[in-house]
Amino acid sequence: MKTDTPEATKGVLYGLSAYTIWGCFPLYFALFAGVPSYEVLIHRVIWSCVFLAVVVTILKRWKPITAALARPKKLGFVLGCAVFIAVNWGVYIYAVETRHVLQASLGYFLTPLVNVALGMLVLKETISRLQVVAVALATVAILYQLFLLGLVPWITLVLAFSFGTYGLLRKQVELDGLSGLFVETLLLLPVSLLALAWLGSAGQSHFSDSSTITLLLISSGMVTAIPLLLFAGAARRLRLATVGFLMYINPTLQFFIALFVFDEPMSGEKLLSFVMIWVALGLYSWSAWAGRQRTV
């Protein structure tokens, strides 16, 4: 455990900043009015790659990246990460565009429980009875939406499982967060450039519609990378348990933005499904905390 109080304080500030920025993403992506979500995704990949290349150069972190690129046969897991993070980004942008931010927030509330389930099913990890109950309760909440509300919460499910699978694959990659994300966007860059060229030739590109849209699309790279760098700073200074609790800031902010800024409808039935997820998260968090206390 790290006991350096000034460093721990920095870590908390970095973590709060990262999750607050992520939590406010609906406000940012709502600014891309009139630009299709797929085009925003294309630019997000391209400009993230450009911005990360600048950051890597400034921090002199090219060595692990060049080493990874020198072994293309071992980039399979990185390519898998790239595909799943692109799916996650694209669906999230679509959720904001179509004002389904409540579904998006539920997806990120659900993600830790999906991680537990994937760890048990794929990695054969052992989990406590309380964690089994938490996963079961979250499953009931989704089935409740499916059968009683007649709603398939596909945005919730795609966001939770794409990010959960991304995390699962990321465990197999030796690259750190910054280097890994750069290589992931680099692998997506050729497809993104081809898609952008096609949009331009078909007269469907919105890049030059206005100076505001142009700057917003370019800024998507910086907006993507900055919270990642802040999160990396937090993860180096804080216990994993602390980082785990901070992560709930993101979907909580999205939940309130959906309700009070975008005025998305919240029926009693839908609220009940959220409450079940929150109770499941409480059980999971308590189990994780109690387990760590026993190992201290």
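UniProt positions are given here in the numbering of the model, feature names are shortened, and annotations may be inferred rather than shown by experiment. With that understood, the UniProt annotation "domain: EamA", which comes from an unreviewed entry, covers residues 10-143. The structure itself is a predicted model, and over residues 10-143 the chain is 81% helix and 0% strand, with the end C-alpha atoms 41 Å apart.

Taken as a whole, the protein chain comprises 13 helices and zero strands, so that its pattern along the sequence reads α-α-α-α-α-α-α-α-α-α-α-α-α. The radius of gyration of the protein chain is 20 Å, which agrees with the value near 19 Å that a compact globule of 296 residues would have. Along the principal axes, the C-alpha atoms fill a box of roughly 55 × 45 × 40 Å. Of the 296 residues, 46% count as buried, and the chain exposes about 14800 Å², of which carbon and sulfur atoms supply 70%. Among contacts between residues at least 6 apart in sequence, 85% join residues at least 24 apart.

Helix H1, residues 5-23, contains 19 residues and reaches 26 Å from its first C-alpha to its last, close to the 27 Å expected at 1.5 Å a residue. Gly11, Gly15, Ala18, Tyr19 and Gly23 are buried in H1; because these buried residues fall within an arc of 130° when seen down the helix axis, they line one face of the helix. Pro6 and Leu13, by contrast, are exposed on the other side of H1.

Asn250 and Ser105 are 145 residues apart in sequence, yet their C-alpha atoms are 8.0 Å apart in space.

A further buried position is Thr111, found in helix H6 (residues 101-121). The relative accessible area of Thr111 is 3%, which places this residue under the 20% cut-off for burial. Apart from neighbours within four places in sequence, the contacts of Thr111 are with Leu159, Ala160, Phe163 and Gly164.

Backbone geometry draws attention to two loop residues. Most residues other than glycine have a negative phi. Lys60, however, has a phi near 55°, a positive value in a residue other than glycine, and lies in the loop between helix H3 (37-59) and helix H4 (62-69). With a relative accessible area of 75%, Lys60 is exposed. Asp263 likewise has a phi near 55°, again positive in a residue other than glycine, and is placed in the loop between H12 and helix H13 (268-295). At 60% relative accessibility, Asp263 counts as exposed, because the cut-off for that class is over 50%.

Terms used:
Residues numbered from 1 in each chain as written. Predicted model: local features only at pLDDT ≥ 70, side-chain atom pairs only at ≥ 80, totals over all residues. Heavy atoms only, no water. Helix = DSSP H or I, 4+ residues; strand = E, 2+ residues; numbered from the N terminus. Buried < 20%, exposed > 50% of the residue type's maximum accessible area, 1.4 Å probe, protein only. Contact = heavy atoms within 4.5 Å. Expected span 1.5 Å × (residues − 1). Arc of directions from axis to C-beta. Rg over C-alpha atoms; globule rule 2.2 N^0.38 Å. Areas by Shrake-Rupley, 256 points an atom, 1.4 Å probe, with all protein chains shown as cover.
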